[in-house]
Amino acid sequence: MRRTIHLHLFGIGACSMFLTGISFCFFLYLYAKGKVSLVTSLLFSIALSLLLIFLVAKYLASRLTQSIVQPIEQMASHLDEISENVPYPELSHFALAIREQQEKRSQNEQMRQEFTANVSHELKTPLTSISGYAEMIENGMVREEDLTEFAGKIHHEAGRLLSLIGDIIQLAELDEPSSKREFYPVNLLEISQRTVALLTLPAERSQIHLSVIGSPCFISGNAGMLEELIYNLCDNAIRYNRPGGSVIVSVQETDQGILLKVEDTGIGIPKEHQSRIFERFYRVDKSRSKETGGTGLGLAIVKHIALQHHAKITVSSEVHQGTQIYVCFPPLSQQQK
């Protein structure tokens, strides 16, 4: 593109000099013949030169614009292959940015379609069960002594459905850019203790020992969102544990920031699945997840909450040995800068 501009500017300059020379020569010739005075000759030479230069510059500018814009228009008409149709080296970074945006948009569209399909499937499963049990009761196919059992199954499936809808609504709220909540200094250890207390009964029913250790550490955050993050991590650690196992929540200050760790002695996560456990509806063990009543959205919510707190999540796990999930928050002093 630069070469094209330079050539056209050189052409305009060369034509201007040539036309100016011709104009002066012509009017000097008229002056020599005595047909016009010297002043008149000079004035007419300048006026004619300017007119000719304007006309030539306009023509060459039109050609220059066309020669520059036409390849760009051709590139714009083939955006799917933009990286292969870059007319000028100066546009390579622009083409790369467009390509990255296209890939991101394509990935987002694919994720949206997968999410819609998963939601439809997850909603259909408990609704199908509820509908089936209700139809059997309606048609008199259930003995009177079994009504309580069937009502319990309907209640269980309805609970799954409500949990799923609640998680979907919460994810939608976290996805909204305008839904950012108020952040303020909070004691992460105190929030962990309060949240773990809510899970004492579920842990006891599963014969899991649940505890919190650490020292008071303050971060800038939203207490409600942090409670949800800790609750989901602990809930998963309980669901995928063994009778007699343990879940330990620890809070401590490190060189990198304030570290929250949730450690369990459960079934562990195979290495090939560890990078995907924070995806929506991704389940390592689908049968166990349905048995324990998981929605498949808990860790996706954890990921979104961590992102809003500028926290980094890492996972360490060995099959049949347990899992450790680390959430590292920036220290309060750094967040207030």
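Of the 337 residues in the chain, 34% are buried; buried means under 20% relative accessible area, exposed over 50%, and partly exposed in between (1.4 Å probe, protein chains only). The model is a predicted one, in which local features need pLDDT of at least 70 and side-chain atom pairs count only at pLDDT 80 or more, whereas totals for chains, interfaces and linings use all residues. Residues are numbered from 1 along each chain as its sequence is written, and side-chain values use heavy atoms, with hydrogens and water left out.

Begin with the whole chain in a cartoon view. It contains 11 helices and 7 strands, taken as DSSP runs numbered from the N terminus (helices: H or I, at least four residues; strands: E, at least two). Switch to a surface: the chain exposes about 20800 Å², of which carbon and sulfur atoms supply 58% (Shrake-Rupley method, 1.4 Å probe; for residues, only the protein chains shown count as cover). Among contacts (heavy atoms within 4.5 Å) with a separation of 6 or more, 67% join residues 24 or more positions apart.

Next, select Leu188, Leu229, Leu233, Leu260 and Phe329, the residues with the most contacts inside the largest nonpolar core, which has 46 residues. Such a core is a set of buried Ala, Val, Leu, Ile, Met, Phe, Trp, Tyr and Cys residues joined through side-chain atoms within 4.5 Å. Elements that each supply at least two residues include helix H4 (147-175), helix H5 (188-198), strand S5 (258-264) and strand S7 (322-329). Helix H7 gives the largest share, 9 residues. In soluble globular proteins, nonpolar side chains tend to be buried together.

Centre the view on Leu260. Leaving aside residues up to four places away in sequence, its contacts include Leu188, Leu229, Val249, Ile325 and Phe329.

Turn then to the charged side chains. The whole structure holds 9 salt bridges, each a side-chain nitrogen of Lys or Arg within 4 Å of a carboxyl oxygen of Asp or Glu. Select Arg143 and Glu145, whose side chains form one at 3.7 Å, N to O. Arg143 is exposed at 54% relative accessibility, and Glu145 is exposed at 56%.

In helix H4, select Glu149 and Lys153. Their closest N and O atoms are 3.5 Å apart in a salt bridge; the two residues are separated by about one helical turn because they lie 4 residues apart in helix H4. Lys153 is partly exposed at 31%, as is Glu149 at 46%.

Finish at Lys261 and Glu263, a salt bridge with closest N and O atoms 3.5 Å apart. Glu263 is partly exposed, at 28% relative accessibility.
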